[in-house]
Amino acid sequence: MFYKKLTIANMKTALLCMAMALTLTACGGGESNSNGTGTVTGGVFGCGSLEPAPGNTLTNDFCNEFWIKDNMQNVCANCHKETNPPFFMAGKDSGDINLAAQALLQPASSGDVDFAGQLIVDLANPSQSYIVKKMQNNHNCWASPTVCADIVLGYIENWAGDSAGGRTIQLTAPLNANPPGGGKQFPATATTPTGQPGYTFEELIYNPILIPYCSGCHKPNSNPQGPLFADPANLASSYEVAKSRIDLDDPGSSRLAVKLPTENHNCWEVDMPNISVDFPTFNPANYPGFASGDDCADNAAIIEDAITKFAEGIPTNAVDPNVFLISRATSIPDGIVASGGSRYEAQQIALYEFKTGQGTVAYDTSGAGQALDLQLQGPVNWVGGWGISIDGSGAMARSGASNSKLYSMIQTTGQYSIEAWVAPNNVTQEMARIVNYTGGGGNKNFALSQTLYNYDSQVRNTNTGLDGEAALSTPDAEEVLQATLQHVVTTYDTVNGRQIYVNGELKASGDILAQGGSLSNWNDSYTLVLGNESGAVNDNNLWKGVLKLVSIHNSALSQAQIQQNYNAGVGEKFFLLFDISHIAGVPTQSYIMFTVSQFDNYSYLFTDPKYVSLNSSIVNVNIPIKGMRIGINSNPAAAGQAYLNMDMTISTNGQSLSPIGTTVALQGGPDTDEFYLIFEALGTESRTYAQPTYPPRTVSNLPAASDIGLKTFDEINTTFSAMLGISTQTGNIPAVYNLVKQQLPSSEDVKTFVTAHNIGATQLAMEYCNQLVTQEVASPNIFSSAVLNQNATADPSGYIDPILALANGSGMDTQMDVGTFATGGTVPDANPTGPDTTFTTKSELVYLVNKLNSCIPGTCSDDATQTRELIKAVCTATLSSANSIIQ
Amino acid sequence: MRYKSIIRVLLFSYILLGVTSVNALTDRDQFKRIHDRIAGIHPDEATLVAMENACTSGYDDDNGINHPGGAAGSAACYEAAAYVAIDNPRFYSVTLKNMIAPWTNEAQSKFEPLNDYTATVIGIVRDNVDFRSILTDNILYTVGNGSSNINANPTALPSGLSAAYSPSNNNHYQEAEDEDFDLKATLSRTVQSSPSTLNIPVAAAAGVMTTRAGAKAFFIDGTNRAMFRFTMLNHLCNDLEFYKDVTRPADRIKRDVSRSPGGDSRIYLNNCIGCHAGMDGMIGAFAYYNYEYDPNADPNAVNGRLVYKQDFTNESSAPLGDGSTHKYKINMQNFEWGYDTVDDSWVNYWREGPNETIGWDTNSQGLPTTGNGAASLGAELANTNDFASCQVKKVFKTVCLRSPVDAADRTQIDTMTTNFKSGYNLKQAFSEAATYCVIPTP
């Protein structure tokens with residue numbers, strides 16, 4: 001079975017797998033010259049002008065993608081033109097290029113028995129080409145061996161891609177198709193002992209750690225924070241939920257332990273004098289850094305220790321095929337190198353794929369000109385599956401100052417493209433330089449930057465500033481930039497100015513400012529910097545995120561070329577074949593094949609599941625398949641199971657099983673993690689997997705609450721309305737209500753009462769009372785005209801009593817203690833002078849009346865005008881009192 | 001009034017706060033509390049007398065249902081008296097309105113103006129319509145002739161109201177609220193599919209989720225996940241944080257969800273997936289809805305409208321909609337192997353796992369775990385035990401002024417939930433809560 005795929009290389013795997021037979025004799029001999037001597041002058045040959053010319057497409061592509069490259073012309077041609085076979089540089093100065101191409105497509109013929117039968121160039125599997133191995137072994141390399149090998153491999157891949165429109169990869173059975181090795185599986189219940197007495201989830205983890213320190217949030221309550229693994233009322237449910245946060249195979253990687261120190265997540269201070277009481281199984285001596293002042297680290301140690309003891313007692317068992325219907329296991333090292341497709345790199349002048357995974361150099365593997373390698377400075381970390389992460393202050397990847405390759409090559413064409421696969425850390429960083437060709441201090445030749453949700457493109461030309469401003473940006477409203485892996489390209493040419501493409505789509509164009517300008521004001525001494533400004537630490541322009549590929553081209557890539565590179569993808573990928581032939585009802589040589597890659601430092605990406613039979617005579621099959629899970633090491637992946645609902649019948653060889661891909665958490669790493677598939681049904685076999693049951697969630701008691709509360713805004717308004725019998729729509733009441741509405745209580749909680757509530761209620765009450773007295777709305781229903789028009793010093797009971805009656809009701813104990821009037825409208829305690837004075841509502845109102853009347857005969861008179869003021873005051877005080885505001 | 005007088009009045013108001021004391025409770029005290037809590041206003045003397053009579057002699061409520069009452073101080077007495085308060089117009093225009101208003105906006109503000117979401121719920125309560133219809137039915141209440149009969153010219157405007165219902169603004173309800181219309185007397189039942197209301201297909205109507213206000217709050221911009229989140233929050237009483245479960249199938253998580261936010265897939269695998277696995281399976285139900293408005297001329301979306309269209313072409317062009325990518329196709333390249341919405345199907349993965357405790361299909365109707373469109377998803381949600389429990393909890397809080405705090409309160413919630421599920425009548429829950437939360441004996 002062959003699959004038409006193009007590849008990018010994986011040198012390590014290829015080395016492991018390859019059998020080699022031929023030694024390519026080196027000019028100068030030996031495996032030395034690692035410093036390289038190649039001097040590149042740029043391409044000067046044209047394949048179309050050769051004599052004889054390439055006679056077919058294959059040779060023509062060979063010429064364009066391999067033979068004409070600077071390294072070939074300036075290094076390899078020194079020997080392999082006509083001195084030392086194979087003569088794959090024939091045609092340079094003399095000879096026939098058609099013979100040169102054929103010379104590479106032969107097996108190596110002598111010498112190196114380890115590579116017997118290996119093709120010098122294997123277009124079907126470029127990474128297995130002998131010439132690549134030769135470079136890896138430091139054969140006259142012009143840079144580091146790894147870089148040379150990558151460069152030559154890239155030539156071959158492009159040659160293969162161009163010639164065949166796609167390369168075929170031959171699938172082969174994995175060498176190690178064994179049952180899953182298994183590991184530790186969770187005990188049946190939270191109270192199942194796991195070794196020593198008392199070593200249960202409940203006693204090691206739940207009681208001493210989760211309940212005291214996590215149940216404040218991670219339990220069902222009025223404001224729960226999932227996951228709910230610390231429910232004091234429900235051990236069984238907590239255990240089920242906690243399982244996905246515990247790694248039995250690597251306790252230190254358990255989410256429960258990792259969360260606190262990595263996210264400073266609600267760490268607690270360990271009570272050191274009582275540590276043996278609080279955590280009786282914990283031995284601080286096992287954790288050298290313990291009690292050094294970092295609470296989070298101490299917490300993590302305690303949690304890791306508890307999980308370790310929990311896991312220690314659990315036996316390591318193979319995954320039981322009687323319980324689980326499982327495929328054979330496989331792993332990344334057993335995978336077949338895959339790739340996404342061929343990149344367009346014809347005018348690529350710098351390429352960083354970040355493959356090395358260690359050290360402080362990001363190599364330029366473009367093979368164009370003098371390599372523009374970058375030094376990693378500050379907190380720059382390697383990312384699994386190829387990439388670097390720019391993580392903090394002072395981080396950058398920076399080229400040396402003496403290399404002016406970018407300047408000279410871009411000046412030649414007057415065009416460029418910056419291409420990158422990036423995963424910004426966030427969407428909050430501004431003026432953050434992702435790719436920066438800079439002189440420091442803001443001066444730059446070009447840059448690709450991030451501002452919030454936008455990508456920005458800066459270029460210095462005769463129309464723009466020396467800092468490349470004003471930038472062209474992606475549209476604000478589209479929020480194109482996301483904190484996820486994206487392919488971004490900014491192009492520049494004099495006709496179009498700058499353009500920005502994201503994930504293959506044109507997102508910014510119409511760069512009128514830069515159009516028509518030239519790059520004549522560029523500076524050839526600037527350096528290429530990834531993630532920052534050049535020179536001194538300048539975190540104002542620090543960009544934080546992951547770079548998985550950066551490429552510079554000295555042409556403005558077309559939409560089609562950008563789309564091609566986007567489709568090619570990024571990072572190393574593998575085909576993993578899960579053997580299912582041993583399952584009844586499944587033909588021999590049957591596999592479920594996934595394309596798998598390391599997604600980032602913490603997960604694997606599984607995509608494109610297919611049924612594959614390596615027996616090419618099998619075309620049609622009839623294999624029911626249902627409920628597929630991905631297993632990793634000892635257990636099904638806790639999160640990310642995307643094929644649980646699969647329920648179909650496989651009918652053809654090569655059939656895709658799902659368009660869905662998924663990520664599962666990385667555990668030990670790509671060299672050690674073992675994968676397998678688990679099915680509910682496959683072929684004629686099936687298994688039933690019991691689902692855990694979850695008892696009803698219970699909630700804990702809350703603090704006792706007040707039995708009374710506040711009336712809220714509408715309730716206060718309508719209460720006033722109802723008490724006085726005045727419509728809410730009367731006079732100026734709606735305006736006043738709208739004015740104070742949001743000042744009135746919005747919550748019934750009596751603890752939320754503030755003075756402003758009372759002031760707002762008073763303002764509103766005042767307006768109701770104004771309508772009652774001044775406009776005489778509803779007043780005839782409450783008191784007589786005589787009362788309204790009496791002198792201010794007359795008996796106030798004529799208006800106090802009716803108003804209190806409306807507000808207070810009768811026959812209840814939960815009402816105001818209104819008191820009684822003495823003859824003449826006085827009350828005994830209306831002028832309190834001592835602390836023991838007894839108050840009643842009426843005494844307070846009379847006191848209020850007397851105080852207000854103190855203006856007589858100064859600023860007011862003893863007449864009806866003053867009386868109405870008194871009534872309004874009494875009315876307002878009564879309405880806006882607790883009697884109306886509390887319910 | 002002069003300045004000095006104002007100050008004196010204010011001071012006096014403080015003094016009056018706190019004069020209430022309890023010594024020997026009477027049924028009148030309890031009736032007053034019941035009325036305060038249900039109608040929001042003090043009962044006058046006539047009302048207290050009516051409640052006393054209802055207590056001992058029974059009461060026929062305005063829906064014609066008899067509440068027999070009982071001995072003074074008994075639960076039956078208080079329940080019958082509570083219906084006197086329930087029949088007060090302020091129960092609808094104050095208590096219910098302010099209980100419902102926070103459900104109709106993301107900020108959960110009680111000050112949200114009256115709108116068709118709020119009015120529809122009020123109408124459903126008034127007419128004793130099965131409360132589950134708030135998430136399922138082709139139902140709408142406008143301010144009109146007060147009829148519960150959808151054939152009774154419901155959109156005829158009452159005297160004094162000038163703004164008719166409009167699918168493109170809230171003027172109709174705003175005016176009714178500003179002028180304090182009696183909602184009990186004027187709310188009229190109609191349908192969302194009517195040309196004079198929202199004019200959406202019958203099959204597109206799903207209770208308050210597809211009202212104009214519901215759309216304005218939760219179908220506006222974004223990805224319509226807000227409708228799911230806030231429906232859960234408002235009608236099952238827990239935010240998504242409560243429902244996080246990373247173990248559910250991940251095959252319906254859409255492409256716009258980054259699997260490695262900022263380059264760290266732990267965030268996705270430990271957090272994002274917990275909500276999206278379940279949520280994204282269900283938000284397919286809302287795939288054909290959008291709240292369209294002109295973001296340039298009307299940035300506050302005051303004049304937008306609910307739009308229902310069964311395709312995934314770009315949003316409508318100006319004046320409504322901006323011609324941008326369909327909201328279910330935004331950021332599709334964040335994870336190209338994620339789920340790509342192709343129709344309005346939904347699937348409920350939370351029927352299993354920790355969220356099985358939501359109590360799905362609580363009435364054992366044999367409801368499917370999948371469906372198409374918002375109404376069937378609404379039925380899935382409305383027929384949970386948590387839906388019923390949530391409604392009575394909200395009533396409990398409205399009447400008792402607290403969330404359930406202890407075992408006795410939780411038992412009362414369970415009892416009220418069971419009773420509520422017998423007919424999904426929210427008034428009954430109010431009367432039961434009022435009975436439970438009478439003034440404690442000193």
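**Reading backbone and packing features**

Mentor: Let us begin with a proline: A:Pro86 is placed in the loop that joins helix H3 (70–80) to helix H4 (97–104) of chain A. Please bear in mind throughout that this is a predicted model.

Trainee: What is the peptide bond from A:Pro85 to A:Pro86, cis or trans?

Mentor: As a general idea, most peptide bonds are trans. Here the bond from A:Pro85 to A:Pro86 is cis, with omega near -5°. A second case is the bond from A:Glu51 to A:Pro52, which is cis with omega near 0°. A:Pro52 belongs to the loop between helix H1 (11–17) and helix H2 (57–67) of chain A.

Trainee: Which residue other than glycine has a phi near 50°?

Mentor: A:Asn264 has a positive phi, near 50°. This residue, A:Asn264, sits in the loop between helix H9 (255–263) and helix H10 (275–278) of chain A. Its relative accessible area is 58%, and A:Asn264 is therefore exposed. In chain B, B:Cys237 has a positive phi of about 70° and is not a glycine either. B:Cys237 occupies the loop between helix H10 (225–235) and helix H11 (240–243) of chain B, and with 26% relative accessibility it counts as partly exposed.

Trainee: Are H4(B) and H16(B) perpendicular or oblique to each other?

Mentor: The axes of helix H4 (residues 75–86) and helix H16 (residues 426–436) of chain B come within 8 Å and cross at roughly 125°. H4(B) and H16(B) are therefore oblique, and their crossing is right-handed. Among the residues that make the contact are B:Tyr78, B:Ala82 and B:Ile86 of H4(B), together with B:Phe430, B:Ala434 and B:Thr435 of H16(B). Seven of the contact residues are nonpolar, three polar and three charged.

Trainee: Which residues touch the most other members of the largest nonpolar core?

Mentor: They are B:Phe131 and B:Phe286, in a core of 109 residues. H4(B) supplies the largest share of this core, nine residues. Beyond neighbours within four places in sequence, the contacts of B:Phe286 include B:Met209, B:Phe219, B:Phe228, B:Tyr328 and B:Leu377. Another core, of 51 residues, lies apart from it and has among its members A:Phe574, A:Phe578, A:Ile580 and A:Leu677.

Trainee: Where does A:Asn425 lie, and what does it touch?

Mentor: A:Asn425 lies in the loop between strand E14 (416–424) and strand E15 (432–440) of chain A. With 29% relative accessibility, A:Asn425 counts as partly exposed. Not counting residues up to four places away in sequence, A:Asn425 touches A:Ala483, A:Lys544 and A:Gly545, as well as B:Gly262. A:Lys544 is 119 residues from A:Asn425 along the chain, and their C-alpha atoms are separated by 5.5 Å.

Methods:
Residues are numbered from 1 along each chain as its sequence is written. Chains are lettered from A and ligands numbered from 1 in the order in which they are written. This is a predicted model: local features need pLDDT of at least 70, side-chain atom pairs count only at pLDDT 80 or more; totals for chains, interfaces and linings use all residues. Side-chain values use heavy atoms; hydrogens and water are left out. Axes are lines fitted to C-alpha atoms, for helices over the stretch in contact, and angles run from 0 to 180 degrees between N-to-C directions. Helices (H or I, at least four residues) and strands (E, at least two) are DSSP runs, numbered from the N terminus. Angles under 35 degrees count as roughly parallel, over 145 as roughly antiparallel, 65 to 115 as roughly perpendicular and the rest as oblique. A crossing is left-handed if the near helix is turned anticlockwise from the far one by less than a right angle, and right-handed if clockwise. Contact means heavy atoms within 4.5 Å. Ala, Val, Leu, Ile, Met, Phe, Trp, Tyr, Cys and Pro count as nonpolar, Asp, Glu, Lys and Arg as charged, and the others, Gly among them, as polar. Buried means under 20% relative accessible area, exposed over 50%, partly exposed in between (1.4 Å probe, protein chains only). A nonpolar core is a set of buried Ala, Val, Leu, Ile, Met, Phe, Trp, Tyr and Cys residues joined through side-chain atoms within 4.5 Å.
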